[in-house]
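Trainee: Could you take me closely through one part of this model, with the cut-offs spelled out as you go?

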Amino acid sequence: MLKPKSQKAKQKKSRLFKYALLPVLTFIILLCISHATNAQTAPAASYKVADNTQWVMLTGCLVFFMNSGFAMLESGFCRSANAITVLAKNLIVFAIATLAFWLLGFGLMFGDGSEFIGTNGFLLQGYDNSPAIANDYQGVFDSLSWAAIPLSAKFFFQLTFAGTAATIVSGAVAERIKFAAFMIFSFFLVLSYSITGHWIWGGGFLYTLGFRDFAGSTVVHSVGGWAALMGTVLLRPRLGKYRKFNPDEKRSWRRTSFYGKKIVAVPGHNLSAATLGCFILWLGWYGFNAGSTLTAHPEAIAHIVIATLIAGAMGALGATFWSWQFYEKPSLSFMINGILAGCVSITAACAFVNIPSAAFIGFLGGALVVYAAVILDKCEIDDPVGAIPVHLVCGIWGTLAVGLFSQDPSTYAWAKDFFTQESSLKGGLFFGGGTNLLFAQLVGILLVSEFTVIFSAIAWIGISYFMYLTSSTSGSRFKVFKSLRVLPQEEVIGLDSLFAEGSDIQQLKREYIETQKQKRYWQRKRNLGK
């Protein structure tokens with residue numbers, strides 16, 4: 001029979017068990033701490049990607065919403081008989097831009113290839129391990145490898161910019177272009193935008209030269225402006241916009257073109273809609289500019305938003321002051337375009353300049369938009385909404401402002417990552433940086449302008465010839481403007497008559513025109529009887 005263990009033996013065994021268990025518990029605790037550390041490290045990286053992605057998607061949605069601002073502004077600045085057409089163009093253009101950018105544009109712009117064009121990533125196909133960045137990145141979109149967000153987020157944000165560039169043309173060619181011609185041109189413009197965009201944002205030769213455009217004064221706005229200018233010139237002015245003076249009519253230098261014709265004002269039918277559209281665009285611009293960080297960098301975002309706000313406000317004041325001087329009355333239309341001019345002017349430089357510089361850039365942009373509109377009108381270049389002065393002229397000015405007002409890259413923590421070439425290491429001319437950066441900006445403006453003008457001219461003329469071949473009047477002599485424009489009677493009645501929703505408008509307009517003819521007939525008869 002076994003003897004029971006003594007109490008002393010039991011205590012000794014218990015102590016041995018505790019001592020043996022202590023290293024095991026220590027090992028388990030250390031293992032848990034190690035796993036906890038790893039668990040904290042991985043989510044920290046994923047949290048950063050999540051924050052970046054949320055920020056980029058939010059700002060991309062703001063830029064997308066800017067299309068509603070363009071629709072309201074352009075339809076408000078145009079006549080009521082063309083409102084449906086303008087709204088339709090602003091809707092369809094983004095659908096076309098989406099197709100073009102998905103098929104070819106994103107690959108042309110950001111895909112790996114040469115310094116002149118991307119040759120990979122069409123249809124968003126091709127290997128890409130985003131959100132991995134820098135040395136960990138593997139894929140065919142190396143120019144976007146610095147952004148710690150998924151590829152789909154990169155695509156969405158850049159798509160909204162492509163749609164904006166195409167939308168710019170809509171307002172400049174309003175009230176006389178064939179809807180089908182505009183649709184076809186929108187597709188080709190996105191391709192042109194993508195090619196020149198590759199030179200700058202896709203790591204192309206202009207970027208290597210030192211050209212800098214943070215959010216698109218040239219990449220987006222000037223490209224859209226040049227395409228709009230070519231279309232406006234080839235289309236010719238709206239009927240009745242410029243006419244000969246009557247022999248006994250008093251001439252005013254403000255209302256006389258350089259060719260001696262009278263400039264006839266064609267006021268918009270709904271400035272309330274245009275004003276609301278301006279506010280939507282101003283709001284969207286905070287996403288347009290600040291979202292171009294492609295990362296949730298608090299200091300950069302706050303600085304860019306304030307610079308955009310100040311430039312837009314000063315643009316409004318500059319346009320109000322100078323239009324008041326010219327017309328001797330304040331102008332709501334120029335207040336609206338002044339805000340947009342200030343925002344376009346600061347778009348390229350918003351991350352690189354201080355706030356006082358942003359104020360000056362915006363104010364001068366507001367002044368430029370007034371005098372550019374006056375000069376274009378005197379040249380008999382008919383732009384119903386002022387898209388060319390706002391986007392082209394102020395886009396050029398904003399791009400030059402980078403070379404003039406940029407701070408030393410060490411001034412802002414986020415700026416130094418964008419100034420890596422020797423030509424731009426010291427900032428702008430007015431802040432001790434010399435002329436290197438300004439020279440790079442000038443070269444970029446000239447090359448992008450030249451390419452866009454040639455590409456747009458070929459596209460417009462080619463579309464015109466295609467419309468000529470497919471029309472019922474192909475037996476007559478080919479003229480570029482005739483094939484791009486609606487018929488004169490359709491323009492007089494209003495382009496909305498060509499839409500299903502405007503079928504009643506056509507009858508009403510015809511009745512109105514007939515009534516006016518009858519009134520003039522009886523008026524002349526009464527005058528002859530006196």
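Mentor: What follows is about the salt bridges and the charged residues around them. This is a predicted model, in which local features need pLDDT of at least 70 and side-chain atom pairs count only at pLDDT 80 or more, while totals for chains, interfaces and linings use all residues. Residues are numbered from 1 along each chain as its sequence is written, and side-chain values use heavy atoms, with hydrogens and water left out.

A search of the whole structure finds eight salt bridges, a salt bridge being a side-chain nitrogen of Lys or Arg within 4 Å of a carboxyl oxygen of Asp or Glu. One of them joins the side chains of Glu175 and Arg238 at 2.4 Å, N to O. Glu175 lies in the loop between α3 (151-172) and α4 (179-200) and Arg238 in the loop between α6 and β1, so the pair ties together parts that are 63 residues apart in sequence; helices (H or I, at least four residues) and strands (E, at least two) are DSSP runs, numbered from the N terminus. Both Glu175 and Arg238 are buried, where buried means under 20% relative accessible area, exposed over 50% and partly exposed in between (1.4 Å probe, protein chains only).

Another salt bridge links Glu491 with Arg485, whose closest N and O atoms are 2.6 Å apart, and here too Glu491 and Arg485 are buried. Through shared partners, salt bridges join Arg79, Glu175, Arg238 and Asp382 into one network. The side chains of Arg243 and Glu249 also meet in a salt bridge, at 3.1 Å, N to O, and Arg243 is partly exposed, with 31% relative accessibility.
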